[in-house]
Amino acid sequence: MQNKTSANIDKTVIFCCNGRMITYIGLGSNMGDRAKNINDAVAMLGSAEDVSVSNLSSFYETEPVGYTDQGPFINAAAEVNTTLTPRELLAKCMRIEADLGRVRTVRWGPRTIDLDILLYADLVIDEPDLKVPHPLMHEREFVLAPLAEIAPDVLHPVLEKTIKELLDSLRSGKGK
Ligand code: GSY
């Protein structure tokens with residue numbers, strides 16, 4: 001496997017169509033009108049020329065994981081083609097969270113909208129504030145189930161398993 005470090009993340013060239021990179025973003029909301037929050041975030045993601053949303057999963061109603069004393073989430077995953085670097089895409093996600101009035105009083109608690117970069121082409125980035133692939137994605141069914149719907153055969157660049165394989169193995173582990 002080719003190892004791409006944080007030193008070259010803005011130089012690595014992995015193009016999809018039109019010189020854009022294929023990335024996957026996980027979305028979650030458990031405050032207010034949850035489906036509207038996700039639809040608004042998707043519309044905002046694709047509102048400028050530097051990002052287009054090429055696929056969107058169904059919406060999944062999921063029980064909270066981690067801090068369980070909060071309401072259920074709606075989770076989804078989006079395929080995004082972009083000319084932005086990983087750091088620029090992160091900034092865009094954070095701006096959308098702020099613009100949608102993200103409120104979070106408890107660290108793992110309720111939130112209006114959460115946007116996580118799950119995968120950025122096949123890059124591996126390990127910086128304090130930017131880790132790609134998302135370090136917990138393979139442990140979270142609420143991430144893998146929507147992602148497997150739109151990207152079953154995409155390879156996790158560290159674990160070297162497809163998203164569908166990761167989901168199957170998470171589900172079979174839970175059954176034991
Ligand atoms: O980024 C993760 C936010 N989050 C979620 C979530 O999106 N969905 C579910 N079901 N549980 C969660 N716990 C946390 S934290």
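Biologist: By class, which residues does the shell around the ligand have?

Modeller: In this predicted model, the shell contains five nonpolar, four polar and three charged residues.

Biologist: Which residues are the closest to the ligand?

Modeller: Twelve residues surround the ligand, and the closest are G28, T62, V65, F73 and F142. Two strands, β4 and β5, each supply at least two residues of that shell.

Biologist: Turning to the fold, how many helices and strands does the protein have?

Modeller: There are four helices and seven strands. Along the sequence their order is β-α-β-β-β-α-β-β-β-α-α.

Biologist: What share of the residues is buried?

Modeller: Of the 176 residues in the protein, 34% are buried. The largest nonpolar core has 41 residues, and those touching the most other members are I25, L27, A41, A78, L118, L144 and L147. Elements that each supply at least two residues of this core include β1 (21-29), β4 (73-82), α3 (141-150) and α4 (163-174).

Biologist: Take L144; what is in contact with L144, leaving aside its neighbours within four places in sequence?

Modeller: L144 is then in contact with M137, I163, L166, L167 and L170.

Biologist: And the confidence: what pLDDT does the protein average?

Modeller: The average pLDDT is 88, and 85% of the residues score at least 70. Over residues 1-13, however, the pLDDT is below 50, and this stretch has 15 contacts in the model beyond near neighbours in sequence.

Methods:
Residues are numbered from 1 along each chain as its sequence is written. This is a predicted model: local features need pLDDT of at least 70, side-chain atom pairs count only at pLDDT 80 or more; totals for chains, interfaces and linings use all residues. pLDDT is the predictor's confidence in each residue, from 0 to 100. Two residues are in contact if their C-beta atoms, placed from the backbone, lie within 7 Å. A nonpolar core is a set of buried Ala, Val, Leu, Ile, Met, Phe, Trp, Tyr and Cys residues joined through C-beta atoms within 7 Å. A residue is buried if 20 or more other C-beta atoms lie within 10 Å of its own, exposed if 12 or fewer, and partly exposed in between; C-beta atoms are placed from the backbone. A residue is near a molecule or strand if its C-beta atom, placed from the backbone, lies within 6 Å of it. Ala, Val, Leu, Ile, Met, Phe, Trp, Tyr, Cys and Pro count as nonpolar, Asp, Glu, Lys and Arg as charged, and the others, Gly among them, as polar.
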